[in-house]
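Subject: Structure for your review

Dear colleague,

Please find below the structure that I am handing over to you. My findings follow directly after it.

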Amino acid sequence: METSLLKKLVCPVCKGALAHDAAKQELVCEHDRLAFPIQDGIPVMLQGEARSLSEPDSPANA
Ligand SMILES: [Zn+2]
């Protein structure tokens, strides 16, 4: 698989490491709480395309 490629990718916002969510096909930055989609095996490393991980039931004082 392409896991070695994915490990080289960093968050475009904070330059931090990303977690690969194989089930959702996303690359997750826990720091920014953003999930970058992987489309046809190609990570879309654009902040504008990222999905917010903010949960509706999360406390607002995080
Ligand atoms: Zn980040």
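In what order do the elements of the protein run from the N terminus on? The order is α-β-β-β-β-β, which amounts to one helix and five strands. Please bear in mind that this is a predicted model.

Overall composition

The protein has 62 residues, and 16% of them are buried. Among the contacts with a separation of 6 or more, 13% are between residues 24 or more positions apart.

The nonpolar core

The largest nonpolar core comprises nine residues: Cys11, Leu18, Leu27, Cys29, Leu34, Ala35, Phe36, Ile38 and Ala50. At least two residues of this core come from strand S2 (26-29), and at least two from strand S3 (34-39). The greatest contribution is that of S3, which provides four residues.

Ala35 is one of the core residues. With residues up to four places away in sequence left out, Ala35 touches Glu26, Leu27, Val28, Ala50, Arg51 and Leu53.

The loop between S2 and S3

Two residues of this loop deserve a description. Asp32 is located in the loop between S2 and S3. Asp32 and Leu53 lie 21 residues apart along the chain, and their C-alpha atoms are separated by 8.6 Å.

Phi of Arg33 is near 55°, which is a positive value in a residue other than glycine. Arg33 has 15 C-beta neighbours inside 10 Å and therefore counts as partly exposed.

The loop between S1 and S2

Which residue in the loop between strand S1 (19-21) and S2 should be noted here? The residue is Gln25. For Gln25, phi takes a positive value near 55°, and this residue, too, is not a glycine. Gln25 has 14 C-beta neighbours inside 10 Å, so this residue is classed as partly exposed.

Yours sincerely

Terms used:
Residues numbered from 1 in each chain as written. Predicted model: local features only at pLDDT ≥ 70, side-chain atom pairs only at ≥ 80, totals over all residues. Core = buried A, V, L, I, M, F, W, Y, C linked by C-beta atoms within 7 Å. Buried ≥ 20, exposed ≤ 12 C-beta atoms within 10 Å, placed from the backbone. Contact = placed C-beta atoms within 7 Å.
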